[in-house]
Structures are given as C-alpha cells and as structure tokens.
Amino acid sequence: MLPRTPLHRWLAVAFFLLLAAWFHPTFSGGFTEPGVPYSSNGVDDLSYVKKLLKDNKVGPQIEYASRTIRYVPDARERKSITEIDQELFPTAFKNITISKESVLPAGKIVDLHIKQSPRPDQVDVSDMLFAASTTYGRFTDPKTSPIEEWKRWLTDGAGQSNGAGLILALFDTTDENIARAAKTLEDIGINATVVPSNKELDMAGRYVDLVQMMYNHPTRPNRKYFVLIDDDTFFPVISNFRKTLSRYNPDKPYYIGTFTERADWLIRNRAPFAYGGGGIVLTAPSAKQIVEAPCLEKNKETGKYVLDSDQGDRLLYNCLQAHSSLTLTYLPSLHQHDQFGDPAGIYESGDLFHSLHHFKSWHRANPAMTHVVADACGEECVFQRFQFKDDFIISNGFSVAHYPKGIDFDPLQMEETFNWGQHDAAEAGAEVVFSYYFGSLRKSLLKTGRKQSWEILGARKEGDGRVKQVYLKRWSDDRWYADGVTPKVEDDPRDSVVVLTWIP
C-alpha cells in the first residue's frame, strides 16, 4: 500500500507515467524521442510484408532492415536533398527466414522535417478538366491500363473524386465496352465521361479532336484549365500543379507545356511545340480558337491533313501557328521523359515533377506505388531525398540507395543511368543529348560496386497519416556488382528487404 502522504502519491504517479511513456511510446503521443521503437512492444505486424514477398517470389531466406520515420511538417521549403545527422540503419541488416517470423522489429524512430503539403484527401482541383484518347484494349490490359495511376491523382484515395473531370475517348470499340469503362471509373471515384472516338480520324486527329470534346463539355463553364494527356501521363503533385497554373489567367488564351528532354529531337523537329505526354494545358479562350480553326481539314487529293503531321501534339501546334498568334508558354516542371533504359537517375534526382510519362514503355517505374507515401507526408514529399550519415539516400517512394565507398559526388547532379534508345543512331552521348534539360550529368555508378539500391516493391496506407513501404534489392541484380563480378549461388545469396514505416 502506498504511503498516505500527498508527496509520495504524486511521486508514484509520476514514476508510473514515466514507465508508461518509456515502454509504450505512443501512450501520450508526444513523449516519443528519436531512437525509441514506434510500436508499443517494438515490433510490427508482418502479414502484409510476408504476403508481398511471397507474391513476388522473394525469400524465404532474406536480409532485413527497417526504420520508422516520423515526418515533421515544419520545413520552410521542399529541398531536393536534406542531410540527416543520423544513420538510417544504426544496426546491421539481419538474416532471417521470413516464413518463420510472425513479427519483426519495427525500427527505431528518426525525425525527418518536411514542408507541409496536402494529402490526396485534401486536394480540390475541381476547376480542371483532363482528356485522353486510347483503346479499350490498352485501358483494360494490366500491362498498360492507367486505372491504378488515375486513382492516385484523380481521386482522394478513398473512392471519391478530387473534383477533376476526365474525358476518355475510346477508339474502335463498342457501346458495351464504353459502358464498362465508365462503370469502372465511376466505381473507383473518378468523375469521367467516356465517349467513342471519331472513327474517321487517325491517331493525330483523334488527339486534336479532344480539344473540342473539352470545350463542348457541359462542365466547361466551371473549369479553368483544360489538359490534354496521354494514357500514361501521371501527375504526382496535382495540387501543386494546379497552384502553379494559377499564375496564368484562365480568361486569357494560353498554350502551356514542355519540350522533349532530347536536344537532338528538338533540333530535328525545328518547332517549339509542347509534347503531349508531359501534358498540354489550354485555357478556354485558346481552346475556342482551336475549335473554330480548320485544324483537321484534309487535302482532297492526298487525304492528308492540310497542316500535315502524323503526331497529335505537332498537329495541334501547326494549327495554332497557322490560325492564331499563340506561342508556347514553357513549363519545364512538366516532363515528357523521352529517355530509355534505367530511369533511376531521373527519379532519384529529388526533383518536384508536375508530370511523368513513358513509365510503362520506354522505361519502367511504378508511380502509383511511389505515390502512396503522399497519404502520410503529403504529395510534395514524393520523390524527395534524404541523405543519412551512413551513406544511405532515400528517394522517397522510389528507392533506398547505399553508397558503400562514400558519397564523394555531387548529389545535386543527375546520375546518367539512362540512354537515348537503341533504335536511334545518335552521334552524341546521353550527356550531350540531355544536358540542356537536366544540366551536367554525373557518371553512372551502375556496375561499379559503388552503389546498391533497394527499389520500391509495395506500399500501403495503414491508418491516418501512416504508410508502410517495402523496398527490395535482389541478390542477382548485376547492376550492384562491379563490372566483371558475377554473383554466385554457392555464396548463400539472399534478397535484401528494407521496410520503412511513415508516421505523424
């Protein structure tokens, strides 16, 4: 029994609270210090990780490390890279048999300071209307379908629209397929109008025809910005993009977009036009000029467009040049992404991308999966970089890279991991082709043994402001070995897994 003196009682209560805060760091919500495990018993539920690894044929023997990241939204700006005066992994990776584990250490807390930005459920872009043309086959094929990506930037992530409208024009399809597509988009919360494309038009014409669909859409009076996209265009920071567009008065005619990143193509095309995959933004006055102009007029003898082009974005430019005084308003934060090969240099640059493109064809990335972390720390922390004392760099949602021989390069320079594509016999190297857009590129560290990278395998929201990310480095990936070094099976190799848990 406690002594009856008030002092002793208060001391006992204080001692109990200190014990509770120490062993249960989430007890008070504010007592947790960096270095203290996040969950009450220092472990984390493993069911999601186990299923994800099994589905991707990883394990059961793996190398494992984890960390809990508490994001603090008090930074004045979003930096390309933020240096953290702590190690990302203060303890070594562990060899485990994942199938035999039920729980694992959740990882100690480290605080990362970020700029506050909206989560998907806090975004309102109801004055924007987008339009894309594709086929029903591409829309439904798991390899090309844009549904998962559209769900990330056209909804609140919980089945409700963020206000944006979408016109989807399907080519050479049936009324039944149009109804199916409309129902699919409605069920996931996308505010879409699905219509058939004009069968009399080729691909270039169908692209330009989207302008009249937007201009004649019944919601046009409520829209300020009209955006032409490809079916593989992704907007990771849609709220920031809308804020940027507010610089341009919607009551005045604007034609806004970006060039290709390739200097050789820009020179060869000899025209400063907006490339469609990065997104082309029009205001109502400029859309009106396009609709009223004979953009799709054809030569009766040849059957070709009078404003000859087999590409929709170039045909649109030709029409504006011939029938208006509009010139391109260049917005370089939009990205056409006209590069091939390993895209890591782009996505690990720390840039704030207003648009992404070609991630299912010319290179491979998963922006829908990358974007999940926006459900925790907001859209602007997607792709943001954090550099730690143990020479790890997080490119948030894309990779966790380690530089075992140290970071003796300038991380503000983009790594030249990509190329111009084997189909194009360019005389200049990638550094020359892309340098006008990205600046001087630093040499690639692929196949040097100086870089190892865990790339995003899966991510999910686990509560209000909480997201778990799983990154994977396969032992057989020859990018992480010095040139000429071959990994050997007899060395008991293990795939390596990193789990990051983001908490408020």
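Modeller: The protein chain contains 14 helices and 21 strands; helices (H or I, at least four residues) and strands (E, at least two) are DSSP runs, numbered from the N terminus. This is a predicted model, in which local features need pLDDT of at least 70 and side-chain atom pairs count only at pLDDT 80 or more, while totals for chains, interfaces and linings use all residues. Residues are numbered from 1 along each chain as its sequence is written, and side-chain values use heavy atoms, with hydrogens and water left out.

Biologist: What percentage of the residues of the protein chain count as buried?

Modeller: A residue is buried under 20% relative accessible area, exposed over 50% and partly exposed in between (1.4 Å probe, protein chains only). Of the 504 residues in the protein chain, the share that counts as buried is 53%.

Biologist: How are helices α6 and α10 oriented to each other: parallel, antiparallel, perpendicular or oblique?

Modeller: Helix α6 (residues 203-215) and helix α10 (residues 312-323) pack with their axes 7 Å apart, at an angle of about 60°. Axes are lines fitted to C-alpha atoms, for helices over the stretch in contact, and angles run from 0 to 180 degrees between N-to-C directions. Angles under 35 degrees count as roughly parallel, over 145 as roughly antiparallel, 65 to 115 as roughly perpendicular and the rest as oblique. The orientation of α6 to α10 is therefore oblique.

Biologist: Which residues of α10 does α6 meet?

Modeller: Contact means heavy atoms within 4.5 Å. On the α6 side the residues are Ala204, Gly205, Tyr207, Val208 and Val211, and in α10 they meet Gly312, Asp313, Leu315 and Leu316.

Biologist: Is the crossing of α6 and α9 left-handed or right-handed?

Modeller: The axes of α6 and helix α9 (residues 284-292) come within 9 Å and cross at roughly 125°, and α6 and α9 are therefore oblique to each other. A crossing is left-handed if the near helix is turned anticlockwise from the far one by less than a right angle, and right-handed if clockwise. The crossing of α6 and α9 is left-handed.

Biologist: Which residues of α9 take part in the contact with α6?

Modeller: From α6, the residues involved are Val211, Gln212 and Tyr215. In α9 they meet Ala284, Ala287, Lys288, Ile290 and Val291.

Biologist: With which side chain does the side chain of Ser399 make a polar contact?

Modeller: Ser399 lies in strand β17 (residues 399-402) and is buried, with a relative accessible area of 0%. A polar contact is a pair of N or O atoms within 3.5 Å; within protein, one must be able to donate a hydrogen and the other to accept it, and residues adjacent in sequence count only if both atoms are side-chain atoms. At 2.6 Å, the side chain of Ser399 makes such a contact with that of Glu348.

Biologist: Which side chain is joined to that of Thr173 by a polar contact?

Modeller: Thr173 is placed in the loop between β8 (165-171) and α5 (175-187), and at 17% relative accessibility Thr173 counts as buried. Neighbours within four places in sequence aside, Thr173 is in contact with Tyr136 and Ile178. The polar contact, of 3.2 Å, joins the side chain of Thr173 to that of Asn177.
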